[in-house]
Amino acid sequence: MIDLSHIEKIYDSAAGPVHALKDISLHINKGEIYGIIGLSGAGKSTLVRCINLLERPTKGTVTIEGKDITAMNNSELREARKGIGMIFQHFNLLSTSTVFDNVAFPLQLSNTPKDKINSRVTELLDMVGLADKADQYPSQLSGGQKQRVGIARALASNPQILLCDEATSALDPQTTKSILQLIKDINRKLKLTVVVITHEMQVIKEICDKVAVIDKGVIAEQGDVLDVFITPQKPITKEFISVLLSNELPVDFRHIEIKDEPFEDSILLMRLTFIGETANDPIISSLVKKYDVSADLFFGSLDDIKGAPFGRLIIGLDGSQNDIHAAMDYLREQKVKMEVIGYVSRHASSHH
Amino acid sequence: MSADMLPLITKALGETVYMVVVSMIISSILGIPLGVLLHTTSKGQILECLPINRVVGAIVNAIRSIPFIILMVAIIPLTRLIVGSAIGTTAAMVPLVLASVPFIGRQVETSLREIPYGIVEAAQSMGATPLQIIRKVFLPEAMPNIVAQLTTVIISLIGESAMAGAIGGGGLGDLAIRYGYQRFRPDIMIATVIVLIIMVQIVQFAGNKLAKHLDKR
Ligand SMILES: Nc1ncnc2c1ncn2[C@@H]1O[C@H](COP(=O)(O)OP(=O)(O)OP(=O)(O)O)[C@@H](O)[C@H]1O
Ligand SMILES: [Mg+2]
């Protein structure tokens, strides 16, 4: 659907050239919600703007449904852009036009007959839940409502692709949720391919199927959202996830010594991550039954990623070294991701 | 107040209104596109073309730096060429237009520059042509500001038309000089000034109202 191949972008600025994108290649499948996450200045906006050539890559090609749009002339490109909707952080609505006229704008550009415009705009405003606001001006709307107008406008000419550049970054958490829900609904209903740019892992977790982490103009990591969440490879990815999942050790353990080797009266701390079905299985209780170990629960959370349960535990195993190793082998056989933190004194957490 | 005053003032007012209205219409027709050209050919804009931008900008600056009274006299040959005579109400409109076009151009350019570029990009992302962006984004979005600025242009045209009148163009300025000053008629001088003040007030008031009505921000 969307193929970015060896994209380079160098900006000429007063302070010298800025290498904003370095050899970026991405493949985005039809119907997918593809998230691109990165810190400020990582090159996210530049990247998404290369997809509809609002920014022309210095090198590389952008292919959309088999057509190389970097090779198109201006009028071909304008036609191609009608198949790619875009929404923006600051909405970019026409302030002197009503909600209706804003949504009608792309249709007027292609000289759609008036009655067709009327029915299409009405249908779109219905879909985004703003049927009663048709005659209002953007200044009379809340941020969330403005973004809904932006979405309706972006969909007016029936695009197959929707690009979202920080579409929820100017909105409060509640409104963010409702806009994300809307994007997800549209994606399902219209089989739309969606590219979402964000600096918040929450957004990725909420709606994306795939994710690419971009760092200083380079793709640091990419893959299925679930895989990236469970086995993040790069420090920057772990950073993004930790914000969301409170990956930190519980307060009690932060100031005590954690050793690599067992010692007198020590217990083994480990972090377990459960995905999908296994999150609901009683693995810990069967572990304790099967082996001669005791397991103290120090931290537990149950989250969900795109509807899949996602559980996280920190437990302390107590028992002989042999039993502990047997228990660890058992855990490895389960569909559980296990990460050893280290040995701590049993008394450090005695009040648990 | 003497009996001759009313017809004198009415006639002069008619001439002033004629000069201002007609030169305003012609100046807008030429000045608004000039403003669009100045803005859209500037750096980073949709029709970026720096050579054109610099040349046109320099001409605009040059004309704007000539005081109106000098411009008026300096272009007498041009005026003669265009209207066949250098004297009269119609002839007075040539320097009025010449002075207003660059003024409007710069004003419109300023209004357009205030439009967030994001709106232009949104239009581009929807496949709008440069002409569509000018007609459907730039002009409507800047209209409240343009109206406010054209109001200022009308007011300076009223002042300039009085000057033009003084060198034989008719209108209120001509009346004030010929009767109020040269024939020692302070009543006419005062009446002319009052009429001018009222005119400016009405224009400013109407302009403000219209700009406010158009402004939906
Ligand atoms: N028009 C430009 N001219 C020069 N440099 C630019 C331009 N646009 C972006 N850059 C630079 O390119 C880099 C990437 O910018 P970009 O806007 O893509 O980042 P971003 O990931 O979208 O950041 P943010 O989260 O702050 O929006 C930055 O270093 C930025 O300063
Ligand atoms: Mg950005």
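Two residues are in contact when heavy atoms lie within 4.5 Å. These legends describe a predicted model, in which local features need pLDDT of at least 70, side-chain atom pairs count only at pLDDT 80 or more, and totals for chains, interfaces and linings use all residues. Residues are numbered from 1 along each chain as its sequence is written, chains are lettered from A and ligands numbered from 1 in the order in which they are written, and side-chain values use heavy atoms, with hydrogens and water left out.

**View 1. A:Leu26 and its contacts.** Leaving aside neighbours within four places in sequence, A:Leu26 touches A:Ile2, A:Asp3, A:Leu4, A:Tyr34, A:Ile36, A:Leu47, A:Ala212, A:Ile219 and A:Gln222.

**View 2. The largest nonpolar core.** A nonpolar core is a set of buried Ala, Val, Leu, Ile, Met, Phe, Trp, Tyr and Cys residues joined through side-chain atoms within 4.5 Å; buried means under 20% relative accessible area (1.4 Å probe, protein chains only). The largest one has 84 residues, and A:Leu26 and A:Ile36 have the most contacts inside it. Helix α7 (residues 130–169) of chain B gives this core its largest share, 11 residues.

**View 3. A second core.** Look here for a separate core of 53 residues, with A:Leu180, A:Cys208, A:Ala220 and A:Ile241 among them.

**View 4. Side chains at ligand 1.** Which side chain has an N or O atom 2.5 Å from an oxygen atom of ligand 1? That is A:Thr46. For A:Lys44 the distance from such a side-chain atom to a ligand 1 oxygen is 2.7 Å, and for A:Ser45 it is 2.7 Å.

Note on methods. A polar contact is a pair of N or O atoms within 3.5 Å; within protein, one must be able to donate a hydrogen and the other to accept it, and residues adjacent in sequence count only if both atoms are side-chain atoms. Buried means under 20% relative accessible area, exposed over 50%, partly exposed in between (1.4 Å probe, protein chains only). Helices (H or I, at least four residues) and strands (E, at least two) are DSSP runs, numbered from the N terminus.
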